[in-house]
Each structure stands twice: as structure tokens, then as C-alpha cells.
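The sequence and structure come before the details.

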Amino acid sequence: MTATELLEQEAYDQHIPVDYIKFNSNRINGLYIDGSIAIRAGMTTSKTADTLAEELEHHYTTVGNILDQHDTNARKQERIARLRAYDRRIGLTGIIKGYLQHCQNRYELAECLGVSEEFLKEALECYKEKYGYSIELNGYIIIFEPSLAVIEKFDSTK
């Protein structure tokens, strides 16, 4: 199953209808409203999966109407849903996977993980805000600045 199909199955299992529609605005890729998800029809497979993951996270985490992003509470809820979608689709382990698959740039990493380049870029910015300059995980150091890098830690006990 593709990532989109797995996410659609999750939505189905959670009794969340998913409809693919043509939005009037080019700014909207997806909406979660009244227990249903609307996704922009015609997006790439990776962009569709990215959007569906975020809208599912809104189902799990969002309370009330958060369309007014001038509202602090709405912005916080949006950030929580996005971070959870980034973790679901990419995660720190995904960055390490890309390193192990010898990805040389963001395009290759996005392809390896099956996400859009835009989603990857946003996720890396979010991770940089959350973790700072770098983070250590499972014997690897992920560096976010000045550019993304993964370093395997040397174990002097071996």
C-alpha cells in the first residue's frame, strides 16, 4: 500500500470521511472540519500524503475552529498537528534512514522518504526550532545548521 492508501485506511478505520475536492483558493491543500477531511484533488502523491497526515493529526489534536491564525491558541494547535505530521512522515529516524541510503541533498531525501520537498523543508525548520543546532539519536548526531548533516558517532569501546 502507498502512504496515501495507508492514511486513507487509517481515516476509514477512525470513521473520518476523506473527500478530494477542487478548492477555490490555491492556498488550501486540506481541511479538517466537523469530523471530515477535505483534500485538494490533483496534488502529487507525496503532497497528498503529507496533507492527509496533517489533517489526521488535526483530528487527533485540534479542538474548535483554528482557521484564525492570528489567535495564539489556534497557532499552537496548528503547530502541534504539523509537528506530529512531520514526525509521522519523516521523523528523526527518517533523516537517519536518508543518511544510511546515501542521500546527498534534500531532493534525494524527500524522494527516499516519499514526502514533498516543501514538507521536508518545513519539517527541518520545525526540528531546528525544536531541537536547536543538533540532536543525538541512536548513535547518530543530526546537525540542522548551517545545513543538514548526519554524523555517525564513533564508539571507542569497540
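A residue counts as buried when its relative accessible area is under 20%. By that cut-off, 37% of the 158 residues in the protein are buried. The model is a predicted one, and the points below are grouped by topic.

**Overall build**

- The protein contains six helices and six strands.
- Starting at the N terminus, its elements follow the order α-β-β-β-α-α-α-α-α-β-β-β.
- The C-alpha trace extends over about 55 × 35 × 30 Å along the principal axes of the protein.
- Of the contacts between residues at least 6 apart in sequence, 44% link residues at least 24 apart.

**Largest pocket**

- The volume of the largest pocket is about 900 Å³.
- Its lining consists of 26 residues, and G30, L31, E55, L67 and E78 are the ones that lie nearest the centre of the pocket.
- Two or more lining residues come from each of β2 (30-33), α2 (45-61), α3 (72-89) and α6 (117-131).
- Helix α2 supplies the largest share of this lining, with six residues.
- Sorted by class, the lining of the largest pocket has 10 charged, eight polar and eight nonpolar residues.

**Second largest pocket**

- The second largest pocket holds about 230 Å³ of space.
- Helix α4 gives the most to the lining of the second largest pocket, namely three residues.
- The class make-up of this lining is seven nonpolar, four polar and one charged.

**Packing of α5 against α6**

- The axes of helices α5 and α6 come within 9 Å and cross at roughly 105 degrees.
- Angles of 65 to 115 degrees count as roughly perpendicular, so α5 is roughly perpendicular to α6.
- On the α5 side the contact is made by R106, Y107, L109 and A110, and on the α6 side by E117, L120, K121 and L124.
- The residues of this contact comprise five nonpolar and three charged, with no polar residue.

**Residue S46**

- S46 is part of helix α2.
- Is S46 buried or exposed? Its relative accessible area is 19%, so S46 is buried, given that the cut-off is under 20%.
- Apart from neighbours within four places in sequence, S46 is in contact with R89, G114, V115 and S116.

**Residue A74**

- A74 belongs to helix α3.
- A74 has a relative accessibility of 1% and therefore counts as buried.
- How many Å separate the C-alpha atoms of A74 and Y99? The separation is 35 Å, for two residues that are 25 residues apart along the chain.

Conventions
Residues numbered from 1 in each chain as written. Predicted model: local features only at pLDDT ≥ 70, side-chain atom pairs only at ≥ 80, totals over all residues. Heavy atoms only, no water. 1 Å grid on protein atoms, 1.4 Å probe; cavity = no way out; pocket = protein on both sides within 12 Å on 5 of 7 lines; lining within 4 Å. Points joined across faces, edges and corners; volume = space filled by probe spheres on them. Helix = DSSP H or I, 4+ residues; strand = E, 2+ residues; numbered from the N terminus. Nonpolar A, V, L, I, M, F, W, Y, C, P; charged D, E, K, R; others polar. Axes fitted to C-alpha atoms, helices over the stretch in contact; angles between N-to-C directions. Parallel < 35°, antiparallel > 145°, perpendicular 65-115°, else oblique. Contact = heavy atoms within 4.5 Å. Buried < 20%, exposed > 50% of the residue type's maximum accessible area, 1.4 Å probe, protein only.
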